[in-house]
Amino acid sequence: LAKAHAAGVIHRDLKPGNIMLTRDGLVKLLDFGLARRVELGPGRESTLTMEGRIMGTPAYMSPEQAQGQLADARSDNFSLGVVLYEMATGVRPFRGDSAMSVISSILKDSPPAPAEVNPEVPRDLDRIIRRCLVKDAARRYQSAVDLRSDLEEVQQRVESGELLGLPRPRDRRRMPGRFTPVVVGVIVVIAGYTIFRRAGQPGRLQPALV
């Protein structure tokens, strides 16, 4: 994603279905059909889709996309935050019975913190995901590079054991090894991110290797 942004390409449809993990561990970001290309330099911008049209997959749209506004890298970072939230908790942060109700949720609702949904989510990862999902684009990560840097720092703390088995204030018992699913998710995200498919039950996800 950072490489796409560096090339002036905004994806605008980040979602699990467009992220593939190969059997040898390579992460593929697919389907740039809704991409917006920004030529670096003043007055050299072109769009592949028009402002004023709602483009993308409702559950993973940024607030800007949901309002038909032009999207930039911060919009992709919001969508990535939705993917990370789903990876960490097993549920989507914004839901509804229809596309319009999902869009309304994106514009108005503040989802529970990932650590509230899944107490095994490390607080630093919780903070990163919540920052991705801020509705005001100016308060989000301004680039995928900054987001990657924070994820790498979490990975280093996980690998050092600093974030493993830390009891939360409401539960002083040590829980060795219970962070493993989230830790694996963080490490995968550092490389890119993985695709998940629903396992036939609401809220249950499974990785798909291609």
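A pocket is an open set of points on a 1 Å grid over the protein atoms alone, where a 1.4 Å probe fits, with protein on both sides within 12 Å along at least five of seven lines. This is a predicted model, and local features need pLDDT of at least 70. Residues are numbered from 1 along each chain.

**Exercise 1.** State how much space lies in the second largest pocket, and what lines it.

Step 1. The second largest pocket holds about 210 Å³. Its lining has 14 residues (an atom within 4 Å of a point). Closest to the centre are P111, R130, R131, L133 and V134.

Step 2. Helix 6 (residues 123–132) gives the largest share of this lining, three residues.

**Exercise 2.** Find how helix 6 and helix 7 are oriented to each other.

Step 1. Helix 7 spans residues 144–159. The two helices pack at about 165°, with axes 10 Å apart.

Step 2. Angles over 145 degrees count as roughly antiparallel, so helix 6 and helix 7 are roughly antiparallel.

Step 3. Contact means heavy atoms within 4.5 Å. Helix 6 contributes D124, L125, R127, I128, R131 and C132. Helix 7 contributes L147, D150, L151, V154 and R157.

How values were computed: Predicted model: local features only at pLDDT ≥ 70, side-chain atom pairs only at ≥ 80, totals over all residues. Heavy atoms only, no water. Points joined across faces, edges and corners; volume = space filled by probe spheres on them. Helix = DSSP H or I, 4+ residues; strand = E, 2+ residues; numbered from the N terminus. Axes fitted to C-alpha atoms, helices over the stretch in contact; angles between N-to-C directions. Parallel < 35°, antiparallel > 145°, perpendicular 65-115°, else oblique.
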